[in-house]
Amino acid sequence: MIELKKRVLCLAAALCLAASLLLVGCEQKETIRVFNWGEFIAEGVLEDFEEETGIQVIYSEYNTNEDMYNKLKTTSYDVIVPSDYMVQQLIEEDMLAELNFDNIPNYQYIDPQFQNTPYDPENKYSVPYMWCTLGILYDSEKVAEPITSMTAMWDPQYEGRMFMMDSMRDTIGITMKMLGYSVNSEDQAELDAAQAKLIEQRPMLLGYVTDEIKDKLISGEAYLGLAYSGEAGKAMEEKESLAYCVPEEGTIFSIDTLCVPKNAQNKEGGEKFINFMHKPDIAARNAEEMLYGIANTEGKKLLPEEITSDESLYPSDEVMARSELMAVSKEINEKNEAVWQAVMSAN
Amino acid sequence: MNKKWYAQPYILWSILFVVVPLLLVVYFGFTTKTADGSMVFSLENFQKFFTPAYLEVFLRSLWYAFISTVVCLLLGYPAAMVLSNRNLKSQGTMVLLLVIPMWMNLLLRTYAWLTLLENEGLINQFLRFIHVLGEGESIQFLYHDGAVVFGMVYNFLPFMILPIYSVMTKLDQSVVEAAEDLGANWWHVFRRVRLPLSIPGVMSGITMVFVPAVTTFAISAILGGNKVTLLGNLIERQFGQMNNWNFGSAISLVLMVIILLSMGFMSSYEKENEGGGLL
């Protein structure tokens with residue numbers, strides 16, 4: 001037994017030594033630390049960046065904005081990919097560095113539609129990466145007709161076959177849009193109306209889930225469910241009969257952005273990375289593989305026609321005009337929370 | 001006395017990973033974030049918790065945990081008795097079978113039930129295959145409170161059986177024999193000897209089931225489809241979605257006080273009984 005322990009110790013020591021040698025080896029080269037969502041970059045892009053710039057990328061992934069935020073408090077990164085509301089929170093907490101746009105000439109390609117956003121009104125801290133919409137993922141073989149409106153999720157014929165999202169702002173927000181109100185409304189009467197709608201819907205639902213919605217539709221458990229377009233795309237690849245629609249009443253869209261945190265050790269390297277991601281061909285490669293909306297006007301021209309004409313990926317201008325980004329404030333949060341609490345404890 | 005230094009690492013460990021986090025929870029629980037981001041002392045979080053909407057969640061959690069504990073006890077006590085029977089040849093195998101599922105992660109085991117219990121799951125498919133159910137019909141096993149209680153009982157039953165089993169196997173057989181020599185029948189032996197002597201096991205079983213049941217959030221999220229909100233879900237939402245660590249910490253503190261009280265109650269009961277056992 002002692003023999004075994006000794007061996008394990010030896011092995012551990014050897015590994016530590018090897019790891020430290022490896023790290024020392026890295027220090028010769030310029031490196032950047034990139035912290036991105038899981039499965040959120042096209043294959044080979046990192047390698048191409050390393051080849052073109054000679055900067056080595058230390059790459060790691062996260063699954064939620066909140067995970068990233070907590071990790072960022074203790075670890076230094078040079079590039080992070082927070083979503084819109086998280087950018088706002090990071091700016092408020094002084095955790096983002098102001099970008100030097102001399103290093104990001106490709107910013108000229110950014111679609112003006114995604115500039116001067118409420119979360120970063122002066123475009124000082126963030127560069128849009130890709131965007132997606134919230135909509136209805138459904139099984140086209142199980143529904144009577146193609147889904148176009150959010151009201152389908154109140155249709156009694158789909159009772160016991162639907163999931164809403166276990167995410168307060170998304171579920172309440174899209175209901176507010178259906179009723180013709182703003183996602184970010186603080187008007188109590190409007191919120192009360194959404195609350196009544198959601199309580200009315202509750203008995204017809206199987207439940208409220210987030211990522212599991214993919215599995216629920218693929219297994220046939222549900223016919224309709226709320227999902228973000230990126231997730232929906234992945235599900236559609238796995239099951240032919242699945243389809244995705246952006247409700248005609250308008251929806252919530254979300255922008256994932258490229259930012260450099262305050263604690264970056266190689267800010268310039270991070271900016272070079274951001275610039276590289278917006279070379280039109282690279283932006284197009286990412287958008288094509290992820291099936292996310294592209295924020296790069298030149299890159300969009302390089303995308304195949306069947307992608308850019310797909311209204312579930314690129315909704316019409318009218319629908320986009322009716323759609324909104326989520327804004328975050330203590331007041332909105334508290335009002336939404338009261339609605340959510342009432343919906344969640346209704347019978 | 002010279003052994004004292006051995007304890008140092010453990011003291012350091014407890015301070016770092018138990019005391020400090022606990023103090024942080026207390027700090028967050030008794031403060032709120034002001035508009036400029038600074039923290040000020042306040043009881044607002046507790047006032048918010050003690051309103052009907054949240055108290056309902058609180059009572060629901062206690063109630064479901066209570067039901068689960070009772071069901072576990074009703075199922076677990078006889079099971080422990082059977083297992084501790086010395087005439088049982090496969091005793092070791094049985095205990096092993098009980099313990100093996102616990103080597104697997106709780107989430108994995110709970111997700112596995114989805115595959116079985118879903119409307120399109122294996123059980124419903126089988127029932128349709130043998131024509132108990134018609135085409136397109138299904139029994140709704142999931143997404144309601146019954147499923148949540150079921151999940152709790154399934155996951156925590158071993159925590160009830162094992163402590164009772166271990167007390168029962170250690171029971172001094174000569175006491176039982178003495179009772180039988182004095183003419184007690186099976187029921188009397190059970191009622192007067194076995195049951196009182198197994199109470200410490202029952203008490204720790206109850207604690208070990210009740211505490212995880214009242215704090216769980218994974219089981220209600222997965223099997224209840226988040227339609228059933230328990231305290232654990234409420235706390236998780238404060239940290240994961242609301243970014244309101246203060247309220248989340250306050251709920252955790254209330255929960256901790258409840259657990260401490262119930263454990264204090266249990267352990268005082270255990271001691272009394274140990275005294276009784278000596279007589």
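Trainee: Which are the buried residues of helix 5 of chain A?

Mentor: They are A:Met168, A:Arg169, A:Asp170, A:Thr171, A:Ile172, A:Gly173, A:Ile174, A:Thr175, A:Met176, A:Lys177 and A:Met178. One caution first. This is a predicted model, where local features need pLDDT of at least 70 and side-chain atom pairs count only at pLDDT 80 or more, while totals for chains, interfaces and linings use all residues. Residues are numbered from 1 along each chain as its sequence is written, chains are lettered from A and ligands numbered from 1 in the order in which they are written, and side-chain values use heavy atoms, leaving out hydrogens and water.

Trainee: Why is helix 5 of chain A called largely enclosed?

Mentor: Count its residues. In helix 5 (residues 168-178), 11 of the 11 are buried, so the rest of the structure largely encloses this helix. Buried means under 20% relative accessible area, exposed means over 50%, and partly exposed lies in between (1.4 Å probe, protein chains only). A helix here is a DSSP run of H or I with at least four residues, a strand is a run of E with at least two, and both are numbered from the N terminus.

Trainee: What covers the buried residues of helix 5 of chain A?

Mentor: The cover includes strand 4 (126-139), strand 5 (162-165), helix 6 (188-201), strand 7 (224-228), helix 13 (317-322) and helix 14 of chain A. Just after helix 5, A:Gly180 takes a positive phi of about 90 degrees.

Trainee: Is A:Pro118 buried or exposed?

Mentor: Set the value against the cut-off. A:Pro118 has 61% relative accessibility, so A:Pro118 counts as exposed. It lies in the loop between helix 4 (84-92) and strand 4 of chain A.

Trainee: Why is A:Asn65 called buried?

Mentor: Because its relative accessible area is 4%. A:Asn65 is found in helix 3 of chain A. Leaving aside residues up to four places away in sequence, A:Asn65 touches A:Trp37, A:Pro82, A:Ser83, A:Tyr85 and A:Met86. Touching, or contact, means heavy atoms within 4.5 Å.

Trainee: What joins the side chains of A:Asn65 and A:Tyr85?

Mentor: A polar contact of 3.5 Å. The rule asks for a pair of N or O atoms within 3.5 Å; within protein, one must be able to donate a hydrogen and the other to accept it, and residues adjacent in sequence count only if both atoms are side-chain atoms.

Trainee: What makes B:Lys33 and A:Glu93 a salt bridge?

Mentor: Their side chains meet at 3.9 Å, N to O. The rule wants a side-chain nitrogen of Lys or Arg within 4 Å of a carboxyl oxygen of Asp or Glu, so the pair qualifies. Between chain A and chain B, the count is four salt bridges. Residue pairs in polar contact there number 16 (both at pLDDT 80 or more). On the side of chain A, helix 14 (330-344) is one of the elements that supply at least two residues. Helix 14 gives the largest share, six residues.

Trainee: How do you know that chain A and chain B are in contact?

Mentor: By counting residues: 29 of chain A are in contact with 28 of chain B. The area buried between these chains is about 2,400 Å², with 36% from carbon and sulfur atoms. Such area is the accessible area (1.4 Å probe) that two parts lose on being put together, summed over both. In chain A, A:Glu221, A:Glu337 and A:Gln341 lose the most, together 24% of what that side buries.
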